[in-house]
Amino acid sequence: MVFYRSVSLLSKLRSRAVQQPNLSNSVRWLQVQTSSDLDLRSQLQELIPEQQERLKKIKSQHGKVQLGNITVDMVIGGMRGMTGLLWETSLLDPDEGIRFRGLSIPECQKLLPGAQLGGEPMPEGLLWLLLTGKVPSKAQADSLSQELRSRATVPDHVYKTIDALPVTAHPMTQFATGVMALQVNSEFQKAYEKGIHKSKLWEPTYEDSLSLIAQLPIVASYVYRRMYKNAQVIAKDDNLDYGANFAHMLGYDSPAVHELMRLYITIHTDHEGGNVSAHTGHLVASALSDPYLSFAAALNGLAGPLHGLANQEVLLWIKSVVEECGENISKEQLKDYVWKTLNSGKVVPGFGHGVLRKTDPRYTCQREFALKHLPEDPLFQLVSKLYEVVPPILTELGKVKNPWPNVDAHSGVLLNHYGLSEARYYTVLFGVSRAIGICSQLIWDRALGLPLERPKSVTMEWLENYCKKAAGA
């Protein structure tokens, strides 16, 4: 249990570091020293047996412990508030926001290695954290970056499959199609067809997952360049890290865009297991579908307007404000436009969340990035006004549990500032990022031997009869 003792000690040091900021270097040093192995897979091989035993112990000792009551509202209300999934890589607190293996976003920004000193965290570092629970050293993050580059090859048939679609097809349709085409080379499928012991299923899952994560920026950038840049494809640069390489293949090479892409990918990776894309990936994989099939299904969930497509809707709505009212809109004019939107039966995109009850920390870190890099941008200034105007209106409306901005309220403005203004494409960026969280959990799903997901469903008649009996008891 060396790993969990080290994490416990890290937690104690972190709490002390709140009062003594100079301890932050000690926290990083401790985590670096707990593991110097550069091979991520060997790290997992050491961790998996003890985590398997840990889960067995939880099941044997606490399997009958109740985690809460299920109400009719939960059954007909999208299962909100119902605890029903094991998801190791992250946990969402209604007030604090997301924590990746116990670390908040500000802590990740401080502790995870950046491509440059003091820069935004590298997505490779977060992938290492999600899989192992350990903050990697810069050398470990660089090693993983190199491994991902070595896996970043896409067969020709994938491009041909995408090209068979109209160029006008939605970017997410083209992206998901490309992922399905990648499935042809699934190591998991090959291993399962040959015959593999269930205790070893995590190994081909790991291979597929890392290859998929590595391939996605290439497929995603191909879709972008095909749709918006006359199909002039840009090859990957083996000298760049994951986030910077993705920006480069899209056609954006300024250091600021590289930093933005690192931040964007990092904060969008995971948001515990109950959201549509994460839950879909977990559900499909529970049938022992390989990571390619599972993630393609997750992408189709992400493409929905109530999930990942929201970041597209935010920028389009903000631009509609500018078109009608101008960039120098006053707060009073903005209030009128917000009420006009609400009174027309629409929502103000980018505000509210199914779990969060305060401002999304992912919004906050993007705001900090904007204040640092683009404080005079007109759309950023409009977003800042919306932050002041919208929550009081939604509170007054009385129908929204969380009137505060979420991650989607800010990302489009940042991307638009640097020239990536094609809002329909934004959900593809989200998809590339979300693969890191979903695939990390899929590896642990197989390592822990989690079973086929099969919840019980009921009819309205069953609910009526049950409630009548309960009332008469």
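This is a predicted model: local features need pLDDT of at least 70, side-chain atom pairs count only at pLDDT 80 or more; totals for chains, interfaces and linings use all residues.

The entries below follow the order in which I looked things up.

**Entry 1**

**Entry 1. Helix α7**

I began with the length of helix α7, which covers residues 138-151. With 14 residues at 1.5 Å a residue, α7 should span 20 Å, and I find its end C-alpha atoms 20 Å apart, so the two values agree.

Next I asked which residues of α7 are buried. The list I wrote down is Gln140, Ala141, Leu144, Ser145, Glu147, Leu148, Arg149 and Arg151.

**Entry 2. α9 against α11**

I recorded the crossing of α9 and α11 as right-handed.

From α9, the residues in the contact are Pro171, Gln174, Phe175, Gly178, Val179 and Leu182. From α11 they are Leu212, Gln215, Leu216, Val219, Ala220, Val223, Arg226, Met227 and Tyr228. Sorted by class, the α9 and α11 contact comes to eleven nonpolar, three polar and one charged residues.

**Entry 3. α16 against α19**

I then turned to helix α16 (residues 310-325) and helix α19 (residues 378-397). Their axes lie 11 Å apart, at an angle of about 100°. An angle from 65 to 115 degrees counts as roughly perpendicular, and α16 and α19 are therefore placed in that class.

On the α16 side I listed Leu315, Trp317, Ile318, Val321 and Val322. On the α19 side I listed Leu379, Leu382, Val383 and Leu386.

**Entry 4. α18 against α20**

A further pair I checked is helix α18 (residues 361-373) with helix α20 (residues 408-417). Here I read an angle of about 30° and axes 8 Å apart. Angles under 35 degrees count as roughly parallel, so α18 and α20 are roughly parallel to each other. Their crossing is left-handed.

The contact takes in Tyr363, Gln366, Arg367, Phe369 and Ala370 from α18. Ala409, His410, Ser411 and Leu414 come from α20. By class I have five nonpolar, three polar and one charged residues for α18 with α20.

**Entry 5. α14 and Gly281**

In helix α14 (residues 276-285) I found Ser277, Ala278, His279, Gly281, His282 and Ala285 buried. The cover over these residues includes α15 (291-302) and α21 (426-447).

I took Gly281 of α14 for a separate look. Is Gly281 buried or exposed? Its relative accessibility is 0%, so Gly281 counts as buried. Leaving aside residues up to four places away in sequence, Gly281 touches Ser294, Ala298, Ile438 and Leu442. I also took one C-alpha distance from Gly281, to Leu397. The two residues are 116 residues apart along the chain and separated by 35 Å.

**Entry 6. Lys56**

I went back to helix α3 for Lys56. At 54% relative accessibility, Lys56 counts as exposed, because the cut-off for that class is over 50%.

**Entry 7. Positive phi angles**

Met79 has phi near 60°. I located Met79 in the loop between α4 (72-76) and β1 (90-93). Its relative accessibility of 41% is why Met79 counts as partly exposed.

Arg101 has a positive phi of about 50°. I located Arg101 in the loop between β2 (97-100) and β3 (103-104). Arg101 has 18% relative accessibility and, with the buried class set at under 20%, therefore counts as buried.

Key:
Residues are numbered from 1 along each chain as its sequence is written. Side-chain values use heavy atoms; hydrogens and water are left out. Helices (H or I, at least four residues) and strands (E, at least two) are DSSP runs, numbered from the N terminus. The expected span of a helix is 1.5 Å times one less than its number of residues. Buried means under 20% relative accessible area, exposed over 50%, partly exposed in between (1.4 Å probe, protein chains only). A crossing is left-handed if the near helix is turned anticlockwise from the far one by less than a right angle, and right-handed if clockwise. Contact means heavy atoms within 4.5 Å. Ala, Val, Leu, Ile, Met, Phe, Trp, Tyr, Cys and Pro count as nonpolar, Asp, Glu, Lys and Arg as charged, and the others, Gly among them, as polar. Axes are lines fitted to C-alpha atoms, for helices over the stretch in contact, and angles run from 0 to 180 degrees between N-to-C directions. Angles under 35 degrees count as roughly parallel, over 145 as roughly antiparallel, 65 to 115 as roughly perpendicular and the rest as oblique.
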